[in-house]
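Biologist: I have not looked at this structure before. Could you take me through it?
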Amino acid sequence: MAATSEKQNSTKPPPSPSPLRNSKFCQSNMRILISGGAGFIGSHLVDKLMENEKNEVIVADNYFTGSKENLKKWIGHPRFELIRHDVTEPLLIEVDRIYHLACPASPIFYKYNPVKTIKTNVIGTLNMLGLAKRVGARILLTSTSEVYGDPLIHPQPESYWGNVNPIGVRSCYDEGKRVAETLMFDYHRQHGIEIRIARIFNTYGPRMNIDDGRVVSNFIAQALRGEALTVQKPGTQTRSFCYVSDMVDGLIRLMEGDDTGPINIGNPGEFTMVELAETVKELINPSIEIKMVENTPDDPRQRKPDISKAKEVLGWEPKVKLREGLPLMEEDFRLRLNVPKN
Ligand SMILES: NC(=O)c1ccc[n+]([C@@H]2O[C@H](COP(=O)([O-])OP(=O)(O)OC[C@H]3O[C@@H](n4cnc5c(N)ncnc54)[C@H](O)[C@@H]3O)[C@@H](O)[C@H]2O)c1
Ligand SMILES: O=C(O)[C@H]1O[C@H](OP(=O)(O)OP(=O)(O)OC[C@H]2O[C@@H](n3ccc(=O)[nH]c3=O)[C@H](O)[C@@H]2O)[C@H](O)[C@@H](O)[C@@H]1O
């Protein structure tokens, strides 16, 4: 069922930034924390933010699904810092912006330790909001299209409240992110914190873990290893795939814009899993087989973002089509799997 949410403005002014920000020891104009910055999207966000010499970037990550390898070109850089930190514990530092990404994203990994996943989403987000409140930082949460569950409205606008199973095996993630969104708005209304919420739709690109378990990385790795592509039944379920550079551009625009969100950020090009498998086969390895395998419970049957709001409010829309993005990811996977192109 669709429902329209009212714009929920805060009644309080935002807290003032720490006086330390004006101290002579502060060399950058903007000190930015990225929780989960050693992961797939986070490390691309680091690359983009480090291009600006006025930015100082701090990554806090527990390396559950991320790695130092993703950030190796920045380690030792004077404007970059990497901290081994679990967001379920408080973090005391001085920053102006917080991109809060920390959370395993692949279903295999978030279902591996569901209690930890929900703690990461709830306690982790509370800790990041507490930090934002203490230092007067603006905070962006990377929420997910999974807040729409198995959607009954298609494509999904931000006003749709979703169709989520609260006790299913995916709930640690999708209900966890829903609570994280609630916490963001409660801190905004109660304490005047400046918040931004992105609802990210399936994103792919170089640096995804090879055995991450998500569909695009699975298919590319399988095609390169000469293994059959595993389409989970029925294969007619759809997803909309966004290339990572478009995603990073959308996240930065959202952070620096005036709208709290939530705003859908994703590519509206929609494909069935059979169509995706056929495209990967055609582009990477035409001799490969496609085989149907069992699916997991509560797999959403369709997913496509309505991005009217992102276009209007952020002036953002994705540029990279699936057929352009897949070869860029293939190149990276070839290098890491050591499979040269013939
Ligand atoms: N990639 C997508 O398609 C997608 C879609 C929707 C939402 N998102 C969201 O975007 C964010 C990044 O996703 P990603 O694809 O880069 O995933 P990823 O798994 O590559 O990155 C997540 C990062 O968070 C870190 N992490 C996990 N738990 C942590 C904890 N308790 N403390 C500190 N660090 C922790 C991991 O080690 C990893 O570096 C996540 O919040 C995810 O929910 C991603
Ligand atoms: O974009 C989102 O909001 C969410 O999307 C994904 O969740 P999901 O769409 O289930 O991602 P995949 O595991 O890549 O599955 C996509 C589809 O591919 C299918 N699949 C997966 C793997 C595979 O080998 N074969 C296959 O057919 C699945 O059944 C599913 O229908 C992400 O993993 C979440 O982190 C993210 O929040």
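Biologist: In which hand does α1 cross α6?
Modeller: The crossing of α1 past α6 is right-handed, a term used when the near helix is turned clockwise from the far one by less than a right angle, anticlockwise being left-handed. Helices (H or I, at least four residues) and strands (E, at least two) are DSSP runs numbered from the N terminus. Please note that this is a predicted model, in which local features need pLDDT of at least 70 and side-chain atom pairs count only at pLDDT 80 or more, while totals for chains, interfaces and linings use all residues. Residues are numbered from 1 along each chain as its sequence is written, and chains are lettered from A and ligands numbered from 1 in the order in which they are written.

Biologist: At what angle do α1 and α6 pack?
Modeller: Helix α1 (residues 40–50) and helix α6 (residues 244–256) pack at about 65°, and their axes are 10 Å apart. The axes are lines fitted to C-alpha atoms over the stretch in contact, with angles from 0 to 180 degrees between N-to-C directions. The two helices α1 and α6 are therefore roughly perpendicular; that word covers 65 to 115 degrees, with under 35 roughly parallel, over 145 roughly antiparallel and the rest oblique.

Biologist: Which residues meet there?
Modeller: From α1, Ile41, His44, Leu45 and Lys48 meet Val244, Met247, Val248, Leu251 and Ile252 of α6. Contact here requires C-beta atoms, placed from the backbone, within 7 Å. By class, the contact of α1 with α6 has 7 nonpolar, 1 polar and 1 charged residues. Ala, Val, Leu, Ile, Met, Phe, Trp, Tyr, Cys and Pro count as nonpolar, Asp, Glu, Lys and Arg as charged, and the others, Gly among them, as polar.

Biologist: Is α1 mostly covered or mostly open?
Modeller: Mostly covered, since 8 of the 11 residues of α1 are buried. Buried means 20 or more other C-beta atoms within 10 Å of a residue's own, exposed means 12 or fewer, and partly exposed lies in between, with C-beta atoms placed from the backbone. Among the buried residues of α1 are Phe40, Ile41 and Val46. The buried residues of α1 pack against β1 (30–35), β2, β4 (97–100), β7 (203–204) and α6.

Biologist: Turning to ligand 1, which residues come nearest?
Modeller: Gly36, Gly39, Thr65, Gly66 and Ala105 come nearest, out of 28 residues around ligand 1. A residue is near if its C-beta atom, placed from the backbone, lies within 6 Å. Two or more residues of this shell come from each of α1, α3 (114–135) and β5. The most, 3 residues, come from α1.

Biologist: And which come nearest to ligand 2?
Modeller: Ala105, Thr144, Arg214, Val215 and Gln232 do, among 20 residues around ligand 2. Strand β8 supplies the largest share of that shell, 3 residues. The shell around ligand 2 has 7 nonpolar, 9 polar and 4 charged residues.

Biologist: Where are the cis peptide bonds?
Modeller: One joins His154 and Pro155, with omega about -10°, and Pro155 is in the loop between β5 (138–144) and α4 (171–191). Another joins Lys233 and Pro234, with omega about 5°.

Biologist: Why does Tyr63 count as partly exposed?
Modeller: Tyr63 counts as partly exposed because it has 13 C-beta neighbours inside 10 Å. Tyr63 also has a positive phi of about 60° although it is not a glycine.

Terms used. Two residues are in contact if their C-beta atoms, placed from the backbone, lie within 7 Å.
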